[in-house]
Amino acid sequence: MSKGFGSKMKNISDTNLLLTITIVVFFLMYIGAMLFLGEGFLKPQALFNILNANAALIILSCGMSIVMITGGIDISVGGVTALISMCCAVYLDKAGGSVAVSVLIALLIGLGFGLVQGFLVAYLEIQPFIVSLAGMFFARGMTTIVNTEPFNVANEAFVALKNTRIIVPGMGSVNRLGNYVDAYVEIGVIVALLIVILLFCVLKWTKLGRNFYAVGGNSQSALMLGINVKRTKFIAHLLCGILAGVGGFVYFLHVGSGSPSHASGAEMNAIASSIIGGTMLTGGVGNIIGTFFGVLSLSTIQNIVSSAGLDQAWWTGITVAAMLCLFLVIQSVVMAARKKGNVK
Amino acid sequence: MKKMVVGIGVLLCLLLWFSSCGTRIDDAEQPAGTDLLEEEKELVEEGDNYIVVGISQVGSESDWRIACTESLKSTFTQENGYYLIFEDAQQKQENQLKTMRDFILQEVDYIILDPIVETGWDAVLKEAKDAGIPVILVDRQVKVSDESLYTAWVGSDFHSQGVKAGRWLENYLEEQGRGRDKIRIVTLQGTLNSTAQLGRTDGFASVMEEHDNWTMLARRDGDFTQTKGQEVMEDFLNTYPDIDVVVSENDNMTFGAIEAIEAAGKTCGPDGDIIILSFDAGRAALEAMAEGKINADFECNPNLGPEVSRIIQKLELGNQVEKFQYIRETYFDPTMDLESVIEVRTY
Amino acid sequence: MQTNETKKAGASSFLGRMVRKQVMIPLAALLLLFLFNLIVDPSFFKIELGYNSAGNPVLSGFLITILDSGSELAILAIGMTLVTAATGGQDISVGATTAIAGSVLLRVLCGTNSRPETLQAPIIVAFLVACVVAMLFGAFNGVLVAVFKIQPMIATLILYTAGRSIAAWINNNELPVVSDETLTYFGEFIPGIPIPTPFFIAVACMIVIGLVLKFTNLRLYTQAVGINENSSKLNGLNPVFIKILSFVILGLCVAVVGLIKVARISTINYSVIAKDIEMDAILAVALGGNALSGGKFNMTASIIGAYVIQCLTTTLYKFQVRSDALPAYKAIVVIVLVIVSAPVVREKFNAFMAKRKVKEAA
C-alpha cells in the first residue's frame with residue numbers, strides 16, 4: 001500500500017506537491033486556531049477580515065510569484081505601493097481629482113516601474129536584485145519627495161468607495177447585543193480573487209504561462225526550445241509591475257491614506273508568502289493558488305499570535321520567521337528526497 | 001515509503017511547533033502554571049469573571065510611550081480582574097484598524113485605543129459602537145464627525161502644562177527679586193502643529209500676556225529631537241547674546257540646548273546665567289536637574305492605566321463618565337527631594 | 001602625424017586596459033563624485049581641527065565624515081563579498097544580526113540592570129560574546145544555504161524577519177543605556193587622537209582580511225566553490241564548509257559593526273539600528289564590479305565601493321537632501337553605474353568603438 005502511495009507521490013509534479021503541503025498546513029492551522037482559540041476564529045468574518053487586510057498583499061505576491069517562477073525577484077513592490085498611495089492621496093486630497101484618474105495614476109506608476117525594471121533585467125542582463133533594489137530606493141525616496149507627512153484622504157467619492165462593502169450572504173453572526181451583523185468583504189478582495197483566478201488560468205493553460213516555467217526551470221534549454229527568453233523575462237517583470245500598480249491601489253483603498261512608511265516590508269512579506277505557497281526562488285516551480293494560501297497562512301499565524309495573548313509585537317516577527325524556516329526546510333528535504341528517489 | 005515518512009515527519013514537526021506555541025503562552029501569561037487553555041474555556045463559559053480589555057498601542061517609539069504601555073499593562077492584570085489583549089501597532093494606522101476589527105470580532109468588553117493620527121477612525125469606531133463595545137481613547141485625540149462614537153478620552157492637558165510653566169517662572173522671578181526686570185525668553189518648540197506643541201506654546205503665552213516686562217525673542221521648531229534642539233539653540237545664542245530664559249517643549253530638546261549653552265561657554269540651571277524650563281520630566285532630565293542644569297521640569301504623566309481602569313469600573317456599574325479626563329500632573333524643581341523621585345521614576 | 005596617431009592608439013589602449021580593470025569601476029565613481037564636489041563647492045574638502053566638549057582635539061569635515069560613517073559599511077562589505085563569491089547569493093540579514101550583536105553586547109555589559117552605574121563585564125568579554133553569538137547566527141544562515149541548499153537571500157530572509165525581534169527579546173525589550181567613557185572610544189574618538197576610532201577599526205579589519213587572503217587559500221577556495229561547486233568538490237574541496245565559513249566570517253564582521261554602532265550612541269534602538277545597511281552592503285559589492293552570481297571577487301573594489309556609497313550619501317546630505325528622500329537619488333546613481341558596467345552595454349559600446357575605428361581607418 002505504501003508503495004502505491006509512493007508511486008502516486010512520484011506522479012505529482014513538484015509544483016503540486018508543494019501546493020498540497022501549503023494548503024494542508026493552512027487548514028490545519030486554521031482548524032487548530034478555531035479549536036483552541038475559539039471565539040473570534042469561529043466566525044466567518046475572521047477569515048474575511050484576513051482577506052480584507054491582505055487583499056493588496058495577495059496581488060503583490062501574485063506578481064512576485066510570477067517573477068520568481070521565471071527565476072527573478074522584485075523587491076520594489078512595497079516601495080511602489082507606498083509611492084502609489086502617496087501620489088493618489090495627494091492627487092485626490094490636494095488636487096481634488098477624481099477616483100477614476102487616480103486608478104489610472106496607480107496603473108501608470110506600476111506600468112512604468114515594470115517597463116524600466118523589465119528592460120534592465122531582460123535586455124541589459126543586470127541582476128534583478130540590484131535593479132529592483134534601486135527601484136525600491138527610488139520609489140521610497142520619491143514617496144517622501146511627493147509628500148513627507150502621513151495624512152488621510154477626505155475626498156468624498158473615494159471614502160464612499162473605500163467604505164463600500166460587499167455583503168457575503170449567510171455568513172453573518174449575532175453579536176453580544178443580539179444584533180445580526182452581516183459578513184462583508186471590501187472591493188479589494190474581489191479584485192484580488194479575480195486576479196488570482198485569471199493568473200492561475202494564464203499560468204496553467206496559456207503558452208505564456210508555460211514559457212514562464214520553462215525559462216525559470218532552465219533558460220538554456222528554453223532558448224533551445226525556441227522560447228524568447230528575454231521577452232518572457234521582460235513580460236514577467238512588466239506583469240509584476242502592473243500587479244504592483246493594482247495592488248498599490250487596492251492597498252490605498254484599504255488604508256485610505258498616504259504615508260512614507262506605508263507597506264514597509266511588504267516586499268519581504270510577498271516573498272515569504274510566495275515561498276510558503278511553494279514557489280522556489282531558483283525558478284521553474286510555483287503556483288498562484290499556493291501563493292494565495294501562503295498569504296492567508298502568514299496572516300493567520302499573525303492573528304493566532306495576537307489572540308493567544310503574546311503581547312509583544314516582536315513575537316510576530318519570530319513566529320513568521322519560524323514558519324518560513326519550517327517551510328524552507330520541508331521544501332528542501334522533500335525535494336532532495338524526491339531527487340534521490342528519481343535517481344534510483 | 002520514504003516520502004511517507006517525510007510526510008509524517010512534517011506533520012509531527014507542525015504539531016510540535018503548535019504545542020510549543022502553547023507552552024510559550026503558558027510561560028508568558030501563567031506564572032502559577034495553570035493551564036491557559038482551560039482558563040480560556042472558562043473565560044468563554046463564564047465571561048463575567050474577567051473584564052476583557054483590548055489595547056491598541058501606537059508603538060514603542062519613546063521612553064514615554066514605553067512607560068505608558070507599562071502603566072496600562074500593570075493595571076489590567078488578572079489579579080485586578082482583567083484579561084488583557086495587548087497589540088503594538090508599530091506606528092501604523094492600518095495595524096491599529098486591523099487590531100480594532102479583531103477586537104470587535106472577539107467581542108472584548110472594552111477597547112483602549114491610543115490613536116496614531118487624528119483622522120480616519122469613523123468607520124471602525126462606528127463598528128465598535130454597533131457591536132456595543134465602549135472605546136476609551138488615551139493620550140492622543142481623534143477627529144470624528146460624531147463625538148458619541150467613543151466613550152471617553154484620558155490624557156495630558158498640555159495647555160495647563162504651559163500655564164504651569166508660566167506661573168512657576170512668575171513665582172521664581174518674584175522670589176529672585178527680578179519680578180520687574182526685563183526678561184528675555186526664547187522657545188524651542190516641538191514638532192509644529194502637534195497637540196503637545198500647540199498646548200504648551202499657547203499655555204505659556206497666556207501667562208506671558210500678563211507680563212509686559214517679558215519679551216519673547218524667538219520661537220523656533222526643534223522637532224522634539226536633541227540634535228535639532230541643539231542646532232536651534234546654537235543659532236539663538238549667536239543671534240541673541242542676552243537670553244534669560246529658555247523654554248524647551250520637551251526633554252530631548254533640553255538636552256541639546258544644554259550642550260549648546262555649555263559649548264558657548266555659558267551656564268544654565270539654578271546657579272547659571274540662563275533659566276531652563278523643560279517639559280516631560282523623564283528620568284534623565286530629573287538626573288540633569290539634580291546636577292543643577294535644569295530649573296524646572298513639567299511632567300507629562302504616562303501613568304494612564306489607573307485612570308482608565310477607574311473609568312471602566314464606573315462603566316461596569318452603569319454610571320456615566322466624563323468625556324474628557326485630564327490626568328493629574330505635577331512639576332519638579334530642585335527644591336524638591338529629587339533623589340527619591342528619581343528612585344521611583346519608571347521612565 | 002604618425003607619432004601622434006600611435007600615441008593616441010597607445011593612450012586609448014592604456015585607457016582601455018585601465019577601464020577593463022575591475023577596481024576602476026568604483027574608483028572612477030569615487031573620482032567623479034569628488035570632481036563634482038570640487039566644481040560645485042570646494043569646501044567639501046576642508047578639514048578642520050577643533051576641540052570637542054571634553055577638550056580633546058578632533059578633526060572635522062566632510063571627508064572625515066565619510067571615513068567615519070563609511071567604516072561599518074566597509075567592514076560589512078568584506079564579509080558580504082566573501083558570501084557573494086562563495087554562494088552566489090547575498091545575506092540580507094546583516095542589519096538584523098547587527099541588532100542582535102549589539103543587543104548581546106549591551107546585555108553582557110549591563111547584566112540584569114538596564115541602566116548600570118558601572119559596567120558588569122569588561123568590554124572585551126562582551127565583545128567576544130557578541131562575536132560568538134553573531135558567528136553562530138552566521139553559521140545558522142550558512143547551514144541553511146550549504147546543507148539545505150536554500151537560496152541565500154531566502155535563507156537569510158528568516159533572520160531578516162526575526163532578527164530584530166530576537167534582539168529585543170535578549171534585553172527583555174528594554175533599552176539599556178551604558179554610561180561608560182571607554183565604550184564611547186570605540187564609536188567616537190580616543191582622547192588625544194583626532195581621527196575617529198571606527199576608521200581605525202575598519203582599517204584593522206581590512207589588514208586582517210588582506211593578510212588572510214594573501215597567506216591562506218581562502219581566496220582560491222572561495223572562488224573555486226563560487227565558480228563551480230561540483231568541480232571544486234571533485235578537486236577535493238569541501239564546498240559546504242567553505243560556504244559556512246564565509247557566513248561565519250560575515251558574522252564576525254557583523255559583530256564588529258554591532259560594537260561600533262552601539263559605541264556610537266551608548267544604547268540601542270532595535271528597530272532602527274543598522275537599518276537598510278544590508279542593501280547598502282550588497283550595493284557596495286555590486287559597485288565594486290563583483291558578479292552577484294558568485295565566483296571571482298575583488299575585495300579592494302568592494303571596500304572602495306562601500307566608501308563610494310558613503311561619499312554619495314554625505315554629498316547628498318551636504319546639499320540638504322532630506323534623509324528620507326536620499327534613496328531616490330541613490331537609486332538614480334546606482335542605476336547609471338550598473339548600466340554603465342553591465343556586460344551587455346560594454347560589449348555594445350566596444351563594438352561601437354571598434355566600428356568607429358574601422359571607419360576612421362578607412
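Colleague: What is the bridge partner of B:Ser56 in β3(B)?
Modeller: B:Leu113. Keep in mind that this is a predicted model.

Colleague: How many bridges join β1 and β3 of chain B, and in which sense do they pair?
Modeller: There are 4 bridges, and the pairing is parallel. β1(B) covers residues 51-57 and β3(B) covers residues 110-113.

Colleague: What order do the strands take in that open sheet?
Modeller: β2-β1-β3-β4-β5-β11 in chain B, 6 strands with parallel pairing. The twist averages 20° from one strand to the next.

Colleague: Which strands stand at the edges there?
Modeller: β2 (82-88) and β11 (324-326) of chain B. Each has a single partner strand, so one side of each lacks a neighbour in the sheet.

Colleague: Are the residues of β5(B) buried or exposed?
Modeller: Both faces are covered. B:Ala152 and B:Val154 are buried on one side, and B:Trp153 and B:Gly155 are buried on the other. In a regular strand, side chains alternate between the two faces of the sheet.

Colleague: And what stands opposite B:Val154 and B:Trp153?
Modeller: B:Val138 stands opposite B:Val154. B:Trp153 stands opposite B:Phe324 in β11(B). β5(B) pairs with β4(B) in the parallel sense over 3 bridges. β5(B) also pairs with β11(B) in the parallel sense, over 3 bridges.

Colleague: Which strands does helix α4 of chain B lie across?
Modeller: β1, β2 and β3 of chain B. The helix, residues 93-106, runs at about 170° to β1(B). Helix α11(B), residues 305-316, lies across β1, β3, β4, β5 and β11 of chain B. Its angle to β5(B) is about 160°.

Colleague: Switching topic. What domains does the assignment give for chain B?
Modeller: Domain 1 is 50-156 + 302-316, and domain 2 is 158-300 + 332-344. Their C-alpha centres lie 32 Å apart.

Colleague: How many residues does each domain put into the contact?
Modeller: Domain 1 of chain B gives 4 residues and domain 2 gives 6 residues. By class, the domain 1 side has 1 nonpolar, 1 polar and 2 charged residues.

Colleague: What about the sheet that starts with β7 of chain B?
Modeller: That open sheet has 6 strands in the order β7-β6-β8-β9-β10-β12, and its pairing is mixed. β7 (214-221) and β12 (331-332) stand at the edges with a single partner strand each, so one side of each has no neighbour in the sheet.

Colleague: How do β9 and β10 of chain B run?
Modeller: They run parallel, joined by 4 bridges. B:Ser278 stands opposite B:Asp297 in β10(B).

Colleague: Which strands does α9 of chain B lie across?
Modeller: β6, β8 and β9 of chain B. Helix α9(B), residues 251-263, runs at about 155° to β9(B). Helix α6(B), residues 158-176, lies across β6, β8, β9, β10 and β12 of chain B.

Colleague: Now chain A. How many of its residues are in contact with chain C?
Modeller: 34 residues of chain A, in contact with 41 residues of chain C. α6(A) gives the most to the chain A side, with 11 residues. That side has 24 nonpolar, 8 polar and 2 charged residues.

Colleague: Last one. What span should helix α2 of chain A have?
Modeller: 34 Å, because its 24 residues count at 1.5 Å a residue. Its end C-alpha atoms are 34 Å apart, which agrees. Buried residues in α2(A) include A:Leu17, A:Ile21 and A:Phe26.

Methods: Residues are numbered from 1 along each chain as its sequence is written. Chains are lettered from A and ligands numbered from 1 in the order in which they are written. This is a predicted model: local features need pLDDT of at least 70, side-chain atom pairs count only at pLDDT 80 or more; totals for chains, interfaces and linings use all residues. Helices (H or I, at least four residues) and strands (E, at least two) are DSSP runs, numbered from the N terminus. The expected span of a helix is 1.5 Å times one less than its number of residues. A residue is buried if 20 or more other C-beta atoms lie within 10 Å of its own, exposed if 12 or fewer, and partly exposed in between; C-beta atoms are placed from the backbone. Two residues are in contact if their C-beta atoms, placed from the backbone, lie within 7 Å. Ala, Val, Leu, Ile, Met, Phe, Trp, Tyr, Cys and Pro count as nonpolar, Asp, Glu, Lys and Arg as charged, and the others, Gly among them, as polar. Two strands pair if DSSP finds at least two bridges between them. Axes are lines fitted to C-alpha atoms, for helices over the stretch in contact, and angles run from 0 to 180 degrees between N-to-C directions. Domain bounds come from an automatic or database domain assignment.
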